[in-house]
Structures are given as structure tokens and as C-alpha cells.
Amino acid sequence: MNAVWLLMGLLVLSYLGSSLVGGRVLRGIGLPSGAEYVVLGFVLGPSALGLLEPSSLAAFEPVAGVALGWLALVVGLDFGFVGSRRVRPSRMALCVLMSLLTGGAVAAAVWFAAAYGAPSLDRGDRVLLAAGVGAVSAETTRHAVLWVTQRYSASGKLSDLIADIADCDDLGPLLMMGGAFALVPQATAQWPIPFWGWTVVTALIGVVLGLIAVVLLGSDFRLIQSWGVLLGTSLLTMGTSARVGLSPLFAAFAMGVTIAAMSRHRDEIVAMVAPTERPVILPALLLAGAHVNPKAAPFLPWIVAIALGARLVGKLATGLVFRVVSPEARETSPWLGLGLLSSGAVAMSVGLAFALRFPGPVGHTVLFAAAAAAVFGELVGPQALRATLRKAGELAAPERESLFFGRGPARAGRDAAPGEGGERGGPPSPAAQRGGGMRNEEVSP
């Protein structure tokens, strides 16, 4: 398949994603994590049917890099919010800590396993491998949590807790990725800074350009001009970080967090960019699946198996910790952590970014670990989460399946179109109530 046909396929997937946002597809189509698009990409890719040629995939690498950076920006804009509700700082800190501990536990397991089982890797490659696999193992995707809570009308304190955990888990993998990329920046020869210093530099790139975007957005919010500001500053963020070998995803995430924290138009900006997430996710997942290569390294199968086992233990430990420290979870099942196993777009984005930045055994092993975690989590996570919420008495009896989603409850953040209601059918967001703060004569491009 040449690049033209690949482009047409990606455009079809993007349209399908926009239809999912608009609520015009049949109920039940699509898995919560999007793992089916990863599998589809793998089947079409060079490692299976070979319909997608390596040369075509290489031609789309710059497009894939921009898509991943844009997804990170959207994640950053909505970080710390579940709908219009802010996550409490104490809970956010605990969630981020548990995400980092889970990723760190997986990284430690992979490090020791690779030290004994992969002698061909030098110390630097083992560190990159461990950090990358740990990063893609730290996430609990909010899409799976949202899918269960909406499909079965779940509501209550435990549902809110799990939604908060899934929201704050996004920082862990992106922070670990920023540190891993900082180990080998391309500017090391010019500025010999330690890796933690380069990690800070990565975040500062996003913070500075985020502040510039806030200033350019100004007090008079206009939709068309705002698109130009966000696209321009985000591309500058990605290009600057990539130029020195740092992580564009972590920089774009920091930019999004900065805009959300400093701009008075945060609600309008989120309502503006939220519908773009799904149309970008589906092509990105397909490209990630097409890059998966199970034969990239002889140590790949057992490294991935160890990572899955360590991730399972880490998420179970996370569930036990929240049962101890959170009153909302004390009476729930001790298997709460199984409901946190779902991973998705963030983990796959990190995996694909590693494969593009470090082509070879290390990058492809990280990407394969992300794909394996997504598929395994799809098999276990939603079912375990549903059982946990049912035991807690927060799961309503499922309604009779209708043919269409319609305009049902959707989160006002990244998973809802502008003007839709809150996470469980609540009132419209402040942006919708104010008409988005935009002039009436302006329309979305």
C-alpha cells in the first residue's frame, strides 16, 4: 500500500473518530481502550500482511509525531479535571505517586531481567528499555473508566475516585518518558547537563510557550485566532523539544497544563479542542499498531511477559493503597486494582514515540509492551471495574440497548463535544453556558 492509500485510510479513521465524538455511530462499536485499531494496524503492517510498507510508514513519521504531541497537549489541558470538577490536590498527589510507583516497579523488574537475560544490551540501552517499558505500564486510561460508568449509569463516591485515578495517571508515563528522552539529548555535547536537568528543560519549554500562548490569547477570546495561537505555539513546542532530542509529548503536556492553569478561558479552550482528540487518536493507534514488530529482539517476549506481571502487581497494590487511605474505597473489593488495568491512547503514544526516537530493539520492545498492556487490559479491566462498582452498589441496571448513542451524557472535557453536559448528564459546562465566550459571528473552522 503506497502513501496515498495510507493517507486515505487515515482520513477515513479520522472521520470515524469525529463521528464517535458527535454521537452518530451504533452503540457498542469500538473497545474502550481502542485496542482494536492497534490490532488492525499490526495486521495491515509489515509484520503481518504487509499491506502497509515500511517506506509508507516512514513517510508518515513526521505526521505521527505531530499527532502524538497534539494528543499530549489535549491531555494537559484537561489534567486535574473530571468534567468541570477539579481533583483535590491531595488526591491528585497520591494518584500521581501511585502511577509513578507502578511504572517504577515495572522498570525495576525489566532492568534486573534485562541485566541477566539480555547481555547484548549495554547499560545505557538497559536503562532506556526499563524506563520506556515502565512508562507505558503506568497508565490507567480514562476512556475505559468513562465507558463503564456511562454504559451502566454508575455514580457515587467510588466512581468519582476511580475517575480521579484514571485522570491523574496520565502524568506518570509522560514524566517518565521525559526523563528517558533526557538521558540521550542531542545537545549533550554543547551543554553537558545531567538528565534531570534536561527533564526540567523539557518542562520549561512547554511552560514558557504555554505562557506565551496565554498572553496571545488575551482577554478577548476569538475562536479563529485562538486556533492559530494554539496550533502555532504547540508546533513550536514540539519542534523545539524534538530539535534537541527531548520529548515533544512531555513538553506539549506541560504547555497544556500551563494554559489550563493560567488562562481565564480554560473552559472555552477545552471545549474547542476536545472534539479533536478522538479523530487524532484512531489514526495514531493504527500507525502504532503498524510499527509493532514482535521479532525486533530475541528478548522481547519474556521482557513483555515480565512487564505485564509487574504491572498487574503494581495495579493491585494501587487498589490496596486506596482501600486503606480513601474512605470511598474501604468497603469495596480487594481486587479493585484489576479495574485499573485498562491502558490506551497515552501508553500507545508513549510507545510509538519511543519506537520513532529509538528505532531498533529497545524502541520496538517498548512499543510492543504498550500494545500488549492495552490488549491485556481490555480483556480484564472493564469487566473487573464493572464487578467492583456493582459490589459497591454504584452500578445501575443496564438500560435496554438503543441503536444509537444519541446525545447522551458525556464528559465536558476531552470526551465530549462542546456544549454537551457533564460526566453523568450534569449541567452544561461554563463555556457552554456563556456561549463559549466567543463572538456570535465566528464559527468553528
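This report describes the fold, the nonpolar core and several helices and loops of a predicted model.

## Overall make-up

The chain of this predicted model contains 18 helices and 2 strands. Of its 445 residues, 54% count as buried. When contacts between residues at least 6 apart in sequence are considered, 82% of them join residues that are at least 24 apart.

## The nonpolar core

The largest nonpolar core holds 116 residues, and within this core Leu-129 and Met-348 are the residues that touch the most other members. If residues up to four places away in sequence are not counted, Leu-129 touches Val-110, Ala-114, Leu-121, Phe-299, Val-362, Thr-365 and Val-366.

## Helix H6 and its partner H16

Helix H6 covers residues 123-136 and packs with helix H16, residues 345-357, at an angle of about 155°, the two axes lying 8 Å apart. Because angles over 145 degrees count as roughly antiparallel, H6 is described as roughly antiparallel to H16. On the H6 side the contact is made by Leu-128, Gly-132, Ala-135 and Val-136, while H16 contributes Ala-347, Val-350, Gly-351 and Phe-354. By residue type, this contact of H6 with H16 divides into 6 nonpolar and 2 polar residues, with no charged residue taking part.

The length of H6 agrees with expectation, because its 14 residues should span 20 Å at 1.5 Å a residue and its end C-alpha atoms are 20 Å apart. H6 is mostly covered, with 10 of its 14 residues buried; the buried residues include Arg-126 and Leu-129, as well as the run from Ala-130 through Ala-131, Gly-132, Val-133, Gly-134 and Ala-135 to Val-136. These buried residues of H6 pack against helix H5 (89-117), helix H9 (171-182), helix H15 (300-325), H16 and helix H17 (361-391).

Val-127 also lies in helix H6, but this residue is partly exposed, with a relative accessible area of 30%. Leaving aside neighbours within four places in sequence, Val-127 is in contact with Trp-111 and Leu-183. The C-alpha atoms of Val-127 and Ala-114 are 9.5 Å apart in space, the two residues being 13 residues apart in sequence.

Helix H4 (residues 61-77) has 17 residues and reaches 25 Å from its first C-alpha to its last, which is close to the 24 Å expected at 1.5 Å a residue. Since 12 of these 17 residues are buried, H4 is largely enclosed by the rest of the structure. Among the buried residues of H4 are Ala-64, Ala-67, Leu-68, Gly-69 and Trp-70, together with Val-74, Val-75, Gly-76 and Leu-77. What covers them includes helix H11 (223-243), helix H12 (248-262), helix H13 (266-273), H14 and H16.

Helix H14 (residues 277-291) has 15 residues and reaches 21 Å from its first C-alpha to its last, close to the 21 Å expected at 1.5 Å a residue. In H14, 15 of the 15 residues are buried.

Gly-45 lies in the loop between helix H2 (35-44) and helix H3 (54-59), and at 0% relative accessibility Gly-45 counts as buried. Not counting residues up to four places away in sequence, Gly-45 touches Gly-50, Leu-51, Leu-52 and Ala-290. Although Gly-45 and Leu-286 are 241 residues apart along the chain, their C-alpha atoms are separated by 9.3 Å.

Val-148 is found in helix H7, residues 142-151, and is buried, with a relative accessible area of 1%. Leaving aside neighbours within four places in sequence, Val-148 is in contact with Pro-382, Leu-385, Arg-386 and Leu-389.

## A loop residue with positive phi

Ser-153 lies in the loop between H7 and helix H8 (157-168), and at 32% relative accessibility Ser-153 counts as partly exposed. Its phi is near 55°, a positive value in a residue other than glycine. Most residues other than glycine have a negative phi.

Technical notes: Residues are numbered from 1 along each chain as its sequence is written. This is a predicted model: local features need pLDDT of at least 70, side-chain atom pairs count only at pLDDT 80 or more; totals for chains, interfaces and linings use all residues. Side-chain values use heavy atoms; hydrogens and water are left out. A nonpolar core is a set of buried Ala, Val, Leu, Ile, Met, Phe, Trp, Tyr and Cys residues joined through side-chain atoms within 4.5 Å. Buried means under 20% relative accessible area, exposed over 50%, partly exposed in between (1.4 Å probe, protein chains only). Contact means heavy atoms within 4.5 Å. Axes are lines fitted to C-alpha atoms, for helices over the stretch in contact, and angles run from 0 to 180 degrees between N-to-C directions. Helices (H or I, at least four residues) and strands (E, at least two) are DSSP runs, numbered from the N terminus. Angles under 35 degrees count as roughly parallel, over 145 as roughly antiparallel, 65 to 115 as roughly perpendicular and the rest as oblique. Ala, Val, Leu, Ile, Met, Phe, Trp, Tyr, Cys and Pro count as nonpolar, Asp, Glu, Lys and Arg as charged, and the others, Gly among them, as polar. The expected span of a helix is 1.5 Å times one less than its number of residues.
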